[in-house]
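Good morning, everyone. I have one structure to go through today, and I will keep to what can be read from it. Please have the view open while I talk.

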Amino acid sequence: MSGLEGNTGPVDPPMDCPDCPRLVAFREELRAVHPDWHNAPVASFTSKAPRLLIIGLAPGMKGANCTGRPFTGDYAGDLLYQTLLEYGFAQGTYLARSDDGLTLCDAMITNAVRCLPPQNKPTGPEIRTCRPYLLSTLAANPSIRAVLALGRIAHETFLSALELRRASFPFAHCAEHDLPGHDMSLFDSYHCSRYNTNTGRLTEDMFRSVFDKIRTRIPEA
Ligand code: SF4
């Protein structure tokens with residue numbers, strides 16, 4: 001994966017990562033109110049040698065920030081894990097808890113920003129500060145051939161991390177972009193949030209159509 005070879009740092013931040021003061025203050029505030037929640041940077045969830053990397057923007061408050069596993073515990077996870085199971089990218093039963101025993105197959109799930117941001121909106125500097133973990137994750141997993149960006153902001157954040165021009169790769173649901181200099185494709189989907197599904201912006205069939213395309217790029221082994 002050219003351009004990533006120099007990124008040999010840790011793939012996951014320390015649990016007490018101090019680098020974004022606003023997010024540190026927010027997670028400490030939540031820790032006082034919900035001491036039983038994770039309230040810390042969320043590590044990627046992965047199988048060995050994944051070919052598919054799924055990227056969200058940041059943990060959800062009652063999802064990953066609570067359970068400690070990406071997309072686990074909120075509605076977005078219900079649709080994502082149901083679809084991963086259907087397409088052979090996960091095994092087991094998804095019970096919306098990090099100890100449900102579910103495993104990924106040939107897949108990894110991460111967030112561009114590892115800590116919960118207020119109103120689900122990280123700032124530009126926070127996105128840039130957390131970028132080294134995304135780059136190290138990519139560099140440490142040369143098996144990745146397909147990247148699925150959940151939502152426009154994840155799409156743009158990923159392109160910026162690879163120093164690719166956003167205008168050359170416009171976001172569109174179900175789009176597939178070949179990335180010059182990288183042996184992988186970027187796929188786009190509207191975010192699988194409750195809002196998007198309730199409003200009909202994203203249906204289950206629309207989400208499946210993205211995974212149909214991904215399976216064309218990386219057929220089931
Ligand atoms: S968002 Fe990333 S860089 Fe910022 S405090 Fe959390 S783990 Fe550290």
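I will go through the sheet, the ligand shell and a few single residues.

Before that, one caution: this is a predicted model.

Let me start with the record. UniProt, in an unreviewed entry, places the feature "domain: Uracil-DNA glycosylase-like" at residues 43–211. That span is 33% helix and 17% strand, and its end C-alpha atoms lie 24 Å apart.

Now the sheet. There is an open sheet of 6 strands with mixed pairing, and the order is β1-β5-β2-β6-β8-β7. β1, residues 45–46, and β7 are the edge strands, each pairing on one side only. Helix α7, residues 204–217, packs on this sheet and touches β2, β6, β7 and β8. The direction of α7 makes about 170° with that of β8.

Inside the sheet, I would look at β2. How many of the residues of β2 are buried? The count is 5 of the 5, so the strand is largely enclosed by the rest of the structure. On one side of β2 sit Leu-52, Ile-54 and Gly-56, and on the other Leu-53 and Ile-55; all are buried, and both faces are covered.

Which strands does β2 pair with? One is β5, which runs parallel to β2 and is joined to it by 5 bridges. Ile-55 has Thr-110 in β5 as its bridge partner. β2 also pairs with β6, in the parallel sense, over 4 bridges. There, the partner of Leu-52 is Ala-146.

Moving along the sheet, β6, residues 146–150, pairs with β8, residues 185–189. This pairing is parallel as well, with 5 bridges. Leu-150 stands opposite Ser-189 in β8.

Next, the ligand. Which residues come nearest to the ligand? They are Pro-13, Cys-17, Cys-20, Cys-115 and Cys-130, out of 13 residues around the ligand. The elements that give two or more residues to this shell are α1, residues 21–33, and α4. α4 provides the largest share, 3 residues. By type, the shell divides into 9 nonpolar, 1 polar and 3 charged residues.

Most residues other than glycine have a negative phi. Gln-119 is not a glycine, yet its phi is positive, near 55°. Gln-119 lies in the loop between β5, residues 107–111, and α4, residues 124–139. Is Gln-119 buried or exposed? Gln-119 counts as exposed because it has 6 C-beta neighbours inside 10 Å, where the cut-off for exposed is 12 or fewer.

Glu-163 is placed in the loop between α5, residues 152–161, and β7, residues 176–178. With 8 other C-beta atoms within 10 Å, Glu-163 is exposed too.

Last, Tyr-195, in helix α6, residues 194–198. Tyr-195 has 11 other C-beta atoms within 10 Å, so this residue is exposed.

Conventions
Residues numbered from 1 in each chain as written. Predicted model: local features only at pLDDT ≥ 70, side-chain atom pairs only at ≥ 80, totals over all residues. Buried ≥ 20, exposed ≤ 12 C-beta atoms within 10 Å, placed from the backbone. Near = placed C-beta within 6 Å. Nonpolar A, V, L, I, M, F, W, Y, C, P; charged D, E, K, R; others polar. UniProt positions renumbered as here; feature names shortened; annotations may be inferred. Pairing = 2+ DSSP bridges. Contact = placed C-beta atoms within 7 Å. Axes fitted to C-alpha atoms, helices over the stretch in contact; angles between N-to-C directions.
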